[in-house]
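Student: I have not seen this structure before. Please show it to me, and then I will ask about its parts.

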Amino acid sequence: MKPGEVQRPGTTAALGVDVSAFAGRPLAEVFPAITRTVGKGALGNGWSADEAARAKLLAQASAAEIAELYRYGDTTEKLAILKALELEDVEQAVGAQGTALLEDAIRTNDQRLLATALGPYATRHLNTEAFRQAVLKCVFAGVPLAAVHGLPARADDELRRMMADFAAERRAAGRSVPLDLQPYLEG
Amino acid sequence: MRIFDPHIHMTSRTTDDYAAMAAHGVRALVEPAFWLGQPRTSVGSFVDYFDALIGWEPFRASQFGIRHHCTIALNPKEANDPRCREVLDVLPRYLAKDGVVAVGEVGYDSMTPEEDEVFAAQLELAKRFELPVLVHTPHRDKAAGTTRTLDVVRESGVPAELVVVDHLNEVTVKEVADSGCWMGFSIYPDTKMDPDRMVVILQQFGTERILVNSAADWGTSDPLRTYATGQAMLAAGFTEDDVDQVLWRNPVAFYGQSGRLDLSDAAAEDTFAGNSILRGARS
């Protein structure tokens, strides 16, 4: 846990939402429309009402259903799925294919998707090469490194080498080097 | 002058266009799903296109402080290709999305039996998802096509106030005005309508239930035709308030019927304070 961070719920049971009202309706239509029912008010635990409701639905879904929801999701739905991966029961529901969702998000140029993909689930499951590339892409795209859950713990010599090269390229072009890169360039 | 372009195909436009639109007062727009010039041959091509309309394109628009919504449908041109018919099966997924504010563009191109079926099926979807409908009228045989369009809408039971019949001109406007449907006009550099002809129609029919769009796409078109029409209205003696009604309040009222129009934040969706979102788009 990073300094100043609130204690985050570990499972959907701790989120404090009830989605029983949606039982029996097609998930493919309930999931995208849920904000219009539950709103997006903050629950005070780091989750909004719609994010929490979506997480709850995911915990009850099969791995194939989760993959399909992600495949057809708009950006808000994709963000909710990526965020929910940090919850134990959602992690279990998604199974081995969770990393494919991360990879899809990391391929985009949308900083919101990139940052959310690099949450605790990525720290646990993304392989070293993919993690390094994703971090470098964050630097490139302007996602603050403070948003990357796996840093500084997963920073290794090769990542520091990549960051140093990036900084050198920036300096050669007469462009500024992002401040949050500095701690990785020393020593 | 604040502008809501109710019909523009931003997928085909550049970031220069977004910048120019923002500089001329465009704060919100609706991008209808239509055809792309090059015919598609599989459902997958449509799905990727729909994904762009609810994913990448709103992101691109937000970088210029422009709010992007879309409409989703199987367009009448490609409704005639049996390889594309199964697009109808994926529509419910998309019609449930927050950013989708109408079913469209539907209607007629060549008025074939296939177009009849697909049009009717999508009017039923509009009822099921309680969405307004954006109806394209054919470029050829327009008057007959418009009459037939209004008949089909009437038979469907979709209330007239939930329907905009688009690409109208001097010949087709009267019938749509009498039907109770909204009247849509696409202002083009050469064809369809121009700003001065639009002003004459506004003088004859008033400023209510009228939507003015640029319909800019991959052809010869101009995303600032909405602005040009506003200027032409002022030059002809319309008030600032008249212009605001036509270019902002009318589209807000029409698409607002979806209950999904979100204009709360017409500014760029900054993910992180102090970071330029533009940088990532170029990466």
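Student: Which helix of chain B holds B:Ala79?
Tutor: This is a predicted model, in which local features need pLDDT of at least 70, side-chain atom pairs count only at pLDDT 80 or more, and totals for chains, interfaces and linings use all residues. Residues are numbered from 1 along each chain as its sequence is written, while chains are lettered from A and ligands numbered from 1 in the order in which they are written. Helices (H or I, at least four residues) and strands (E, at least two) are DSSP runs, numbered from the N terminus. By that numbering, residues 76–79 of chain B, with B:Ala79 among them, form helix H4.

Student: Is B:Ala79 buried or exposed?
Tutor: A residue is buried if 20 or more other C-beta atoms lie within 10 Å of its own, exposed if 12 or fewer, and partly exposed in between, with C-beta atoms placed from the backbone. B:Ala79 has 27 other C-beta atoms within 10 Å, so B:Ala79 is buried.

Student: Leaving aside neighbours within four places in sequence, which residues is B:Ala79 in contact with?
Tutor: Two residues are in contact if their C-beta atoms, placed from the backbone, lie within 7 Å. With neighbours within four places in sequence left aside, the contacts of B:Ala79 are B:Leu74, B:Glu114, B:Glu115 and B:Val118.

Student: Which residues have the most contacts inside the largest nonpolar core?
Tutor: A nonpolar core is a set of buried Ala, Val, Leu, Ile, Met, Phe, Trp, Tyr and Cys residues joined through C-beta atoms within 7 Å. The largest one has 77 residues. Those with the most contacts inside it are B:Ile72, B:Leu95, B:Val103, B:Val133, B:Val163, B:Val164 and B:Met183.

Student: Which residue in E8(B) does B:Met183 stand opposite?
Tutor: Strand E7 (residues 182–186) of chain B pairs with E8(B) in the parallel sense over four bridges; two strands pair if DSSP finds at least two bridges between them. In strand E8 (residues 210–213) of chain B, B:Ile210 and B:Val212 point one way, B:Leu211 and B:Asn213 point the other way, and all are buried. The residue opposite B:Met183 is B:Ile210.

Student: Where is B:Glu105, which a cis peptide bond joins to B:Gly104?
Tutor: The cis peptide bond between B:Gly104 and B:Glu105 has an omega of about -5°. B:Glu105 has its place in chain B within residues 100–107, which form strand E4.

Student: Is B:Met111 buried or partly exposed?
Tutor: B:Met111 is in the loop between E4 and helix H6 (113–128) of chain B. Although B:Met111 is not a glycine, its phi is positive, about 55°. There are 17 other C-beta atoms within 10 Å, so B:Met111 is partly exposed.

Student: Does B:Glu130 count as buried or exposed?
Tutor: B:Glu130 lies in the loop between H6 and strand E5 (133–136) of chain B. Its phi is also positive, about 50°, although B:Glu130 is not a glycine. With 12 C-beta neighbours inside 10 Å, B:Glu130 counts as exposed.

Student: Over which residues of chain B does pLDDT stay under 50?
Tutor: pLDDT is the predictor's confidence in each residue, from 0 to 100. Chain B has a mean pLDDT of 92, and 93% of its residues reach 70 or more. The stretch of chain B where pLDDT stays under 50 is residues 267–283.
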